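Work through the exercises below with the sequence and the structure open. Each task is followed by a solution in steps.

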Amino acid sequence: ESTQEEFFHTFNNIYEAGNQIVITSDRPPLDMVKLDDRLRTRFEGGLMADVQPPDMETRMAITRNKAAQLGMLLSSEVVEYISENITANIRQIEGVVKRLTAYREILDDAITINSVKRAIKDVIRIGAYIPTPDIIIEETARYYSLGSDDLRGQRRSKNTAMARQISMYLMRNLTNLSLKDIGEQYEDRNHSTVLSSIRKVEDLLKNDPDMNGTIRDITSNINSRS
């Protein structure tokens, strides 16, 4: 309570001085149940923006742009591979592109999928928590009051289909699995089905605040098992 009291006065002083205040959080003010009402109303009075990880097309555009800035033209195959395997961290994409530049200039290496794999391995932090597919499916199923077998299997009820699509989206964003590898977790569904499911969730995230909350809550449950 004393911390919130101090923050309240600090907030007011900065605001009344005509300065800007930028605050980040993992949920909107309405969901901050332990927050004082006077702080919540002030937060809600500002401009709120929900920042999500970039989708596949955006990651590909970023990869091409970073490469162009460094004077390098990457093949579509290389751009797609980088964008498929680095899904949440733009700095890692930039790091991979910089390493590819170094491979080309210092080692005189051609830019191939193998060199991209090496760059990704060098850039991605060793030891970061990566949940297993089982954990992602279990937590998504639990959120929707379903069993893991429901998501893996062929049930097509609206609730089950949505949970399955979300689990595929999370598996793509929280692990290093390829589309083919993800499909194998769901009775060998093909990569086109997996990609379609991921894109459906990405589209919902752009327009549906409830979906953003769902993804955030399930991700939190998954990470709590680290």
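**Exercise 1: the nonpolar cores**

Of the 24 residues in the largest nonpolar core, Ile166, Tyr169, Leu170 and Ile215 touch the most other members. The model is predicted, so local features need pLDDT of at least 70 and side-chain atom pairs count only at pLDDT 80 or more, while totals for chains, interfaces and linings use all residues. Residues are numbered from 1 along each chain as its sequence is written, and side-chain values use heavy atoms, with hydrogens and water left out.

Task: state which helices supply at least two residues of this core.

Solution.
1. A nonpolar core is a set of buried Ala, Val, Leu, Ile, Met, Phe, Trp, Tyr and Cys residues joined through side-chain atoms within 4.5 Å; buried means under 20% relative accessible area (1.4 Å probe, protein chains only).
2. Helices are DSSP runs (H or I, at least four residues), numbered from the N terminus.
3. At least two residues each come from α7, α9, α10 (179–184), α11 and α12.
4. The largest share, six residues, is from α9.
5. Leaving aside residues up to four places away in sequence, Ile215 touches Ile166, Tyr169, Leu170, Val201 and Leu205; contact means heavy atoms within 4.5 Å.
6. A second, separate core has 18 residues, including Val78, Ile93, Leu100 and Tyr103.

**Exercise 2: helix α7**

Task: list the buried residues of α7 (residues 133–143) and find what they pack against.

Solution.
1. The buried residues are Pro133, Ile135, Ile136, Ile137, Glu139, Thr140 and Ala141.
2. Their packing partners are α8 (148–152), α9 and α12 (209–223).
3. After α7 comes Ser145, with a positive phi near 55°.

**Exercise 3: the largest cavity**

Task: explain why the largest cavity lies between domain 2 and domain 3.

Solution.
1. A cavity is a set of points, on a 1 Å grid over the protein atoms alone, where a 1.4 Å probe fits but cannot get out; lining residues have an atom within 4 Å of a point.
2. The volume of the largest cavity is about 90 Å³, where volume is the space filled by probe spheres set on the points, and points are joined across faces, edges and corners.
3. Among the lining residues are Met56, Arg59, Glu84, Arg172 and Glu202.
4. α11 (191–207) gives the most to the lining, with four residues.
5. Domain bounds come from an automatic or database domain assignment. Domain 2 (56–126) and domain 3 (133–225) both give residues to the lining, so the cavity lies between them.

Definitions and conventions:
1 Å grid on protein atoms, 1.4 Å probe; cavity = no way out; pocket = protein on both sides within 12 Å on 5 of 7 lines; lining within 4 Å. Buried < 20%, exposed > 50% of the residue type's maximum accessible area, 1.4 Å probe, protein only.
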